[in-house]
Amino acid sequence: MDSKLASAFVLVFAFCATSCVCTDVTGDHINVWIVAHTHDDTGWLETVDQYYIEQVQWILSTSTQALLNNPERKFTYVEMAFFARWWEDLDNKTRADVLKVIENGQLQLNLAGWCMNDEGSTTYSADIDQMTVGALFAKQDLNTRPLVGWHVDPFGHSAVTPSLWADIGFNAFGINRIDYRIKDARKANKSLEFVWRGSKSLGPERDMWIHIMDSHYCSPAECAYDSSLFIQDNPDLPTFKMDVIQQGEAFVAMARQRLTWYRHNHLLIPFGCDFAHQNADRSFSQMDELIRYVNSNSSFNATVKYGTLNDYAMAVNALNLTWEVYEGDFFPYATEPEQFWTGYYTSRPQLKGDARSNAAFLQVAETLYSLASRVMNFDKTSAYESIDDLRKAVAVVQHHDAITGTEKEVVVRDYELMLREGNASSGMVIADFLGKMISAEKPPKLSMNESVLATLKPGQSVPVVVYNSLGWTRENYVAIPVNRTDLTVTDESGKAVPSDVIKGNNKTYSARLYFLATVPPLGFTTYFIQATPSDNAAKTFRHSLGDTMIENQFYKVTVSGDSGRFTSIFDKSNGKSLQVNQDLFQYESAAQNNEQASGAYIFRPAQDNRTVVGDSKHSATLSSTIPFFTMRNFSTSPIVLATAYGQDYVDTFAVVTSNVGQKDFSTQAYRVDQKEWTQGHFAINYWAFDPKSLPAGVQAASIEVGASPSAMCKTMPLKFPNPFSGRPTLLATVRKSEKSNESYIATANDVNGQGATFNICRADGKSWTEKISLDWLAIDSSQDLGKPGIVHGTFPIQTGSNNTKVLRTNVTLGAAYPFYAPSIVALVTSGSRAYTVTVTQKYDKSSQFSVNLCNVDVLPWNESLTIDYLVFPRATVEYPVTPGPVKVEVSTGKYVSEIRQTYRDNYVQMIRLYGGMASDGGSSPDMQYIEHEFLVGPLDMGRELVTRYMTNLNTANTWYADDNGLEMQTRHYNQGETERVAGNYYPMVAFAYIQDMTSDERMTLLGERAHGCTSNVNGMLEVMLHRRCLKDDGLGAGEALNEDIRVDPKLWIIFSDKQKSSFLQHHLSMQQQFPLQPVFGQPGDPHAWNSSAFRTSFTGLANPLPPNVHLLSLRPYNASSNSTILRLEHLFEVDESDEYSKPVQVTLSKLFAPGFSFSDPVEMALTATATKEEANKEQLRWKTADSYSRQAFESLEDDGDTITLRPREIRTFLVD
């Protein structure tokens, strides 16, 4: 993604090679490993097909030939989606050449996933699946298994990744994109390499040794031969100067400088970038020259050679150093103070939802194939390839520029097409397998399409086969979209099944049929939908007076009669109530010129109290209109104080306001030396307030100044309406009634408790005839304004400007300021002339800020001055979707109840409970949640939509969110972060919760797609739902995230005590991620399926799995064998649950139902490409301070084929 960066490096070097004197090229011996590689995005700015045809095939072809040309060369490749396609196109001779360079270690596969997956929005199961697809290709076609991996481009790093990849058997793992401040600190203390303990539950056994790229994954400028840099070592070319000496010295100096960041004398230098080495022999030949020159020059005391990450890791491991152990993750990722890559957690929620739902559909296909292979004869190759379409589509969408939503729109459409086509081909296989399981002799015709219900006639029924891909019996309500309400459901015996039809409205959906399905583990149950003469729609009524409540056997939910909003949850199991005020808000996306915009990667809400106005475009004056964002509720024209913000330039400006209205105001900035300016970040700081709504100790007003027809300055007395006991802080800004070309400067003198005298001058030294006024604010010196981060005071400037026209000086506060980059308004309050004050320098949680001072005469001065200031945090711009009451509609069926809340067009949400109060409605924990569905979009332009749950829980601004749906991370709100909102956003891939600090009450949210989340207020949990930004954020996509579609994310809410919440979180999340799959038969006689020839129910397991064990995978190893990959997972973390966080045993020979059993289990590494024993033998051990080796693989107390799963352990088996 950073080919532009590589080009920039080359330009820098081109200058340095001819103009700089290179130093520090000698010293202790160093070993430099040149890792030639290419980073090939499986879709981003172009589709996968475009990238392959235009670039990747040439990279692979020319790099293979380059390796054949020189056996000392090595090359690293990652993305098997491209490699597999290239492999299919090769003739036998070229394939033999490829296998040769793989076998002799020249071509080494790194990672070998189908793609390089994201880490902030993918589930661990999808990550494992995509890695398995790639690893199986590498093993089965290329006879190789990678020993290392790296993620050089994902935008932040999850603690789950190293833990999972350790179970693959990797020796080491490379990462790159971590917060710039953390990387700088690790450079300084030589800790770019460490042992990462990613799992709190599995501890040292899943440790991984980590190498952080010290700068980036692209070639340094000193050796960027994969770009446009050339090396010249021939002295006989008079017009092409030989530069090998300069390049060699520059390279060694660079290497020695980088080695200061490490604890040893080995250095890994990446040689490549995005889609690098398309003419590999040329780039390798250039590097060959550099290597030869450096190695032949003994004064360098350096050895440079081609290598791989594995070569480097083995060399470092041989040093037997003791390594720091790190726990936690590397989110969020930031590259600058205003550049937090937290938008992609939510970007393109439709694609995120489609990726998740298709992964669940793939699980249905994989498990059915595996079961069918035990009892059926079928064309395995054809079925495998049909499923493979979806398998590879789901895998490629896990790519870090795919599911993240950071690709171009045309690429999104391509991913969606892959998923649709894969879904269709897999759907036919699913229907075929189920039909043959129902009746081998006369399989019924099945399909995935519910449209057969539209033509159903009275007396007919449509069989619905409901399949469960999980290892437990489930009792869930199945929802089917319909366009009619005359439907009921029965079971195979003709007994009525609990069901309701809920009618929607024109802003939601037509209607939905809900029915209760009880389905055995890894099996199916058949139901029958019938048309009846009567209307079976649930009662629907509009909300009127009083609160509205719906309830089931677990919860009672209340919606306010006044606001129409969600207000409380009552948990019937423990008799406790949760106050929860839920509402929808929209952040305004930052989109001003000359500032970091919010976009596909970056979440950055607009901020009030400062507006960037940029350069003056060849004038000394610049006028701007500034909206009041967060302060729009003025009933009259407010008081506005404004000060110029000039960043780091030594310029001063006079700022006046005009046309102050209830929604916006105008400003005019005038550079007092009458010159133009080109400061792209020149801004106006402002503070607006209603003078009628001030706290005690604060006074403000606007006073008329009038004209000054005969002089450039005018004196204006001010008397405070209520005298202060001492000198207050005084601030003021000149206001004009309308826009004009004149600018003015105001300075206050003789400030005391009674008042002050203002000296007001026209900035260009002329008299004036227009009537002007003065907005002023006075604050008692002892007054605390009651909000964090609002600081005011006075500061003396003891010296004048001597021989300079502009004095730059610092203003010191009483203590370190808690927030980053606040707004500051200031006024000079002493001096014989009028003085301008311009705030300069970004302000980063220090105890001072800088100002530029200049008098109206633009001349040096020698008098002492005083500055009065007000420092305040910039307000985030956000709006409620609907400020007033929302429209409420309630549908209450016997078993399903729904509250629909319409905020306005395109903004609707529904609260739903299942089971009702009826005794036959179901009392399983499977229904112990509140479903919160949103139908939102297209959003307003430039808005980012969130749902916010404000509760009465005491959470101390702490919340908990998952890494990839596997293990939880504790998150703390950092009010001092440079971006207080975006910098405190974290991934919520599957769930997040808040918990009371003094009790065990917990509110948990489960999501069926990835979101960003935060908690910046005590007791609050916020989740982002959708984004539509105005501008590109400048990080590569090249287009704004203007996604004008409606999406339908669902959150499940759990409220209970800690122990029960923990169980429900895991149990229900699996059901949300892998919903029951309905498959439809053809309309016909409801008795047709009652014959003994039809099997209407089935289970593939002998017994349900224990509640803390999840059947993670049951998928074919390949199409040509009967081998199957079986993965079992312990769902709970260590110490999470008193009952379920314990080791649990499963007997493999008794796992499956008779006739479906598997035999000869062999335990494998995670991707099933090596036995666990083989992987254990090949792995390096890394010494840590607690003396643990990284991959201990402690002996488990297995008893024959009865295996033990420890908390959060995944075990993989290959069975026949």
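**Notes on the interior of the predicted model**

1. Phe-515 touches Val-464, Val-466, Asn-476, Tyr-477, Val-478, Ile-480, Val-489, Val-497, Pro-498, Ser-499 and Tyr-527, leaving aside residues up to four places away in sequence. The model is a predicted one, and every value below is computed from it.

2. Phe-515 is also a member of the largest nonpolar core, which holds 284 residues. Together with Ile-34, Tyr-77, Phe-83, Phe-251, Met-1003 and Leu-1128, Phe-515 is among those that touch the most other members. Helix H11 supplies the largest share of this core, with 12 residues. Another core lies apart from it and has 37 residues, including Ile-639, Phe-689, Leu-730 and Leu-731. As general background, nonpolar side chains in soluble globular proteins tend to be buried together.

3. One of the contacts of Phe-515 is Val-497. Is Val-497 buried or exposed? Val-497 counts as buried because its relative accessibility is 11%, which falls under the 20% cut-off. Val-497 is found in the loop between strand E16 (487–490) and strand E17 (499–503). Its contacts, again without residues up to four places away in sequence, are Val-489, Thr-490, Asp-491, Phe-515, Leu-516 and Tyr-527. The C-alpha atom of Val-497 is separated by 66 Å from that of Ile-684, and the two residues are 187 apart along the chain.

4. Which element gives the largest share of the lining of the largest pocket? Helix H11 (residues 349–375) does, with 9 residues. The pocket has a volume of about 1,600 Å³. Its lining consists of 46 residues, and Ser-357, Ala-479, Lys-1050, Pro-1075 and Leu-1076 lie nearest its centre. By class, the lining of this pocket divides into 21 nonpolar, 11 polar and 14 charged residues.

5. The largest cavity has a volume of about 290 Å³. Of the 30 residues that line it, Thr-123, Ser-125, Ala-126, Ala-359 and Phe-1074 lie nearest its centre. Two or more lining residues come from each of helix H5 (124–142), H11, helix H14 (1058–1073) and strand E59 (1109–1116). H11 gives the largest share here, 8 residues. The lining of the largest cavity comprises 13 nonpolar, 11 polar and 6 charged residues.

6. The second largest cavity holds about 190 Å³ of space. It is lined by 18 residues, the closest to its centre being Ala-642, Val-655, Ala-732, Ala-746 and Val-837. Strands E27 (639–647), E28 (653–658), E33 (729–736), E34 (744–749), E39 (823–828) and E40 (835–840) each give two or more residues to this lining. The lining of the second largest cavity has 15 nonpolar residues, 3 polar and no charged.

7. Which residues of strand E26 (residues 621–627) form its covered face? They are Leu-622, Ser-624 and Ile-626, whereas Thr-621, Ser-623, Thr-625 and Pro-627 make up the uncovered face. In a regular strand, side chains alternate between the two faces of the sheet. Strand E26 runs antiparallel to strand E29 (residues 664–671), and 7 bridges join the two. Within this pairing, Ser-624 of the covered face stands opposite Thr-667 in E29.

Technical notes: Residues numbered from 1 in each chain as written. Predicted model: local features only at pLDDT ≥ 70, side-chain atom pairs only at ≥ 80, totals over all residues. Heavy atoms only, no water. Buried < 20%, exposed > 50% of the residue type's maximum accessible area, 1.4 Å probe, protein only. Helix = DSSP H or I, 4+ residues; strand = E, 2+ residues; numbered from the N terminus. Pairing = 2+ DSSP bridges. 1 Å grid on protein atoms, 1.4 Å probe; cavity = no way out; pocket = protein on both sides within 12 Å on 5 of 7 lines; lining within 4 Å. Points joined across faces, edges and corners; volume = space filled by probe spheres on them. Nonpolar A, V, L, I, M, F, W, Y, C, P; charged D, E, K, R; others polar. Core = buried A, V, L, I, M, F, W, Y, C linked by side-chain atoms within 4.5 Å. Contact = heavy atoms within 4.5 Å.
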